[in-house]
Amino acid sequence: MTRLSTKQIFNRGIDQYQNLQKESADIRSRIGSGEKVQKPSDDPLAFQAAVKLKSDKTKVEQYNRNILFFRNRAAEADDALAQGSDALVRVKEDFINAGRGALDMTDREILARSLEGKLNELSSIANRSDSNGKFLFAGTKEDIQPFSAATNFIYQGTRPEQTVTGMATRSVEISANRFVDFGVTGQNIFVSVQGDPNYVDPLTGNPDPYGDEVNVFKTMQAAIEALRDPNIGFDQLTNSFKPLVEQLDDQFDRMQAARTDIGVRQNEIDTVEQVNFDTILQLETLIEQGISADLAEEISKLQLNQASTTAFEATYARISNQNLFSVLR
Amino acid sequence: MTNLTFRNALTGLRSSTVGLNTTSNNIANSNKEGYSRQINVEQFVGSAITGSGFQGQGSEVAGIKRAYQNFLGEQFSNAKSKQSFFTAKTEVLARIDQLFADENAGISTALSDFFQASQDLSGNPADIPTRRVFLARAEGLADRFKSFNGVLSDIKNNTALQIRDMTKEVNSLSTQLAELNRTVLESQAKSPNGMPDNQLLDERELVLSKLAEKVEIDVVRQNNGSVSVFLANGQNLVSDEVASELSVRADESDRESLSVGVLQRSGNTTNFVELNFSKIEGGKLGGLVNTLKNEIPSYQGQIGLLAQATAQNINQVLQQGFDLNGAQAEPGVSNGRGLFDFAGVSLASVFAGFTNTAGSSLTGLQVDYTRLDDTDFTVRIESGGVLIHPDGKPEEVVTLTEDPPGSGSYSFDNGKLQFNLAGAQPGDKFFIKTTRNAADNIQLSFDDPSLISISGAPDQIGDNTFALQLVSLQNRAVIGLDGQGFSLNDAFAGLVGIVGDDTRSAFVSLGAKTSIFKQAESDLESLQGVNLDEEAGNLLKYQQAYQANGQVLSIARELFDDIINILR
């Protein structure tokens, strides 16, 4: 039989008591924080995984932030294009009226002024700013006004061939390695015939890059000029307007195509956003599984610990009262 | 006949008095650390020849014995030593573990914040408020590196401080031990029965176990009764009445760290003989030095590497772009239009050997990484040439070129090391800590938001080409370790895993060593410790013996009186 010293008997008791107390403190800390893995050493693999998963989660959350940002811009563009289409319909009415003939110069001036008003309306739509005060339809040259009388209404924004990426607008990441570009510029909304960068003005012989570009504004300018040109006679006006109406139809179609384009992109990002939300949920579940405490389990452990502590206290008090000196008188 | 009875009673009275003394002393010391219970050793007293043959002449206490065995004592000390090693280690590692547990202090969240700001910038490249947030996040990232590494440095300094204190404690214990060697021998010489003072022996064993708790030792018990102590590498710490002194000095290979050694005095000169702790697995000092030399520099090296990788990769991206003013990276400016710089501080620290030739130097150190890693290097000059020794890899000879004179270069797996040696002689050494200063000095290069160069073309402020490249850095493997690549966040996560593993395994070892210690403690205590019930029994035993002997004396006296009365 092993000999036990009195100190040993007491120390063993104290050791056991301390173990019970430490266990109780650990359980209460897990319950309090809701996490069973609170520091790397608790479970190195789980903690390491959580660091990665949390970073992944932030990443995916950011994708949805990018989507939100894209959606805001797309809504701004769609809104502008709806107003633009509306204006174009009214322009077309003026064109049809003009093409019908039987107008005297006063009627023609009234039509010209009406068109001038619509030209201003359309150019303010084309030069609309986004929420940050940057031109919405200038491509990446967003500090440059895309269309103005000063530059003969030739598109001044970014053209795809001027960029490394071949895209006139920037793209943002909406899921891992998946990018969506804003896509619409003044060029693909308003320009119907692309100009030649090496175009030379046939009258002056001077270089006039993109001078032969055909767009909504130039078509309307031509219409206004024709209406005001007294040399264009009563019967000639119909003929002059025929090609202009064709141009306008073409331009209207382009604007609708741009709107469709934006709509398609919006549908696409809606799907991606939903997938991202699912991914975030999955990541949260994984993080939870890795580091969260099972409260039911912890509470039952705590109850067991309390029962052991109570039992220990009772027996310890009894045992430590027993010694021969207490019976010696 | 009554003569013998008197004698028996008196010796019996004396023996039981000694017994009562011993028992009461045991009771008095029952809680004293290191006390060994004492036991009366009664010996036979020669018999007297009487008319009835041989008759006993009473009892005699030959001496008082300690309940102690050197074997159990040493087992206890060794187990305590091994446990203390891990106690010290876990105390330091637990602080680091806690640091890595704190998400708000970690590099990971700062990286995430920075990449979020990069994403926002990709959505809104020309927007000044967005650019300001980006700069603020970048600065937050740099600050995080500094503060994170700062906490590691605090832990390192604190560990070094504890090592200093610990050597002082060891020195105090060695001196006590040498003094006890002297007093034990003295008491032995004075003792009539040649047995030294039990209390001094207990004190000496206690000092030995405290010494073992601080530092791993070998104990040699001399025949003359004195005790010699050797350190694990064979250095003598205490020999008879002489104690050597432990001391610390800056580490040769890393002046920001410490070495522990024994001071050897001969005549007027004192030599510092460094202790090699690489194989030591005992003592608090061993645990502290082990952590100071292994885990802490390794973690700091990796944080430095991460800071360097962060700055380098982000700078590389931004140096290709155009800023809001349409300007590209400035030629001739060291970091161009990079986002981060290191305040002009060299990223690597170079430490020259203590015994290097005067005037010998290694300068112009440049490390070009194809893939970042945190390998440190030692450059050794030998008569045969210059040797370079990457940590954990074999040494290689480097041929110096003459253009410029003394310049050497060494290609390793992940890059190329270039340096310039001047005046170096065989025997000289240089220690290169490649990423030492990165985390402490990383800072933002500029605070003008318009200077962030993320556009792919000078006239397109809305272009986000390089913001997207920044974003893609988040997933790109930019740090190479053992041929595998890690992204910045994965590299940090990997380090978190390593810290967790190291800490956990230290705690597991501590648990194992603690059970061994508890067993050894129990083995010793069950021999050495006082059991009060037992002593209560002894008390009764000696009390009754005393009373019985008194009774014998009383009867002997009555008998004597009776005889006297008969004769009267």
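First, the ground rules. This is a predicted model, where local features need pLDDT of at least 70, side-chain atom pairs count only at pLDDT 80 or more, and totals for chains, interfaces and linings use all residues. Residues are numbered from 1 along each chain as its sequence is written, chains are lettered from A and ligands numbered from 1 in the order in which they are written, and side-chain values use heavy atoms, with hydrogens and water left out.

Start with chain A. Helices and strands are DSSP runs numbered from the N terminus (helices H or I, at least four residues; strands E, at least two). Helix H2 of chain A, residues 44–99, packs on helix H3 of chain A, residues 105–126. The angle is about 160°, and the axes are 10 Å apart. Axes are lines fitted to C-alpha atoms, for helices over the stretch in contact, and angles run from 0 to 180 degrees between N-to-C directions. So H2(A) is roughly antiparallel to H3(A), a label for angles over 145 degrees.

Which residues make the contact? Contact means heavy atoms within 4.5 Å. From H2(A), they include A:Ala80, A:Leu88 and A:Phe95. From H3(A), they include A:Leu111, A:Leu115 and A:Ile125.

Now the cores. A nonpolar core is a set of buried Ala, Val, Leu, Ile, Met, Phe, Trp, Tyr and Cys residues joined through side-chain atoms within 4.5 Å. Buried means under 20% relative accessible area, exposed over 50%, partly exposed in between (1.4 Å probe, protein chains only). The largest core has 123 residues. B:Ile96, B:Leu339 and B:Phe340 have the most contacts inside it. Helix H4 of chain B, residues 128–190, gives the most to this core, with 18 residues.

Next, helix H9 of chain B, residues 465–473. How many of its 9 residues are buried? The count is 7, leaving the helix mostly covered. Among them are B:Phe466, B:Leu470 and B:Leu473. The buried residues of H9(B) pack against strands E1 (171–175) and E2 (178–181) of chain A. They also pack against H3 (107–123), H4 and H7 (295–318) of chain B.

Last, two loop residues. A:Asn152 has a positive phi of about 55°, although it is not a glycine. A:Phe153 has a positive phi too, near 55°. A:Asn152 sits in the loop between H3 and E1 of chain A, and A:Phe153 lies in the loop between H3 and E1 of chain A. Buried or exposed? A:Phe153 counts as buried, at 7% relative accessibility. A:Asn152 is partly exposed, at 48%.

Definitions and conventions. Parallel < 35°, antiparallel > 145°, perpendicular 65-115°, else oblique.
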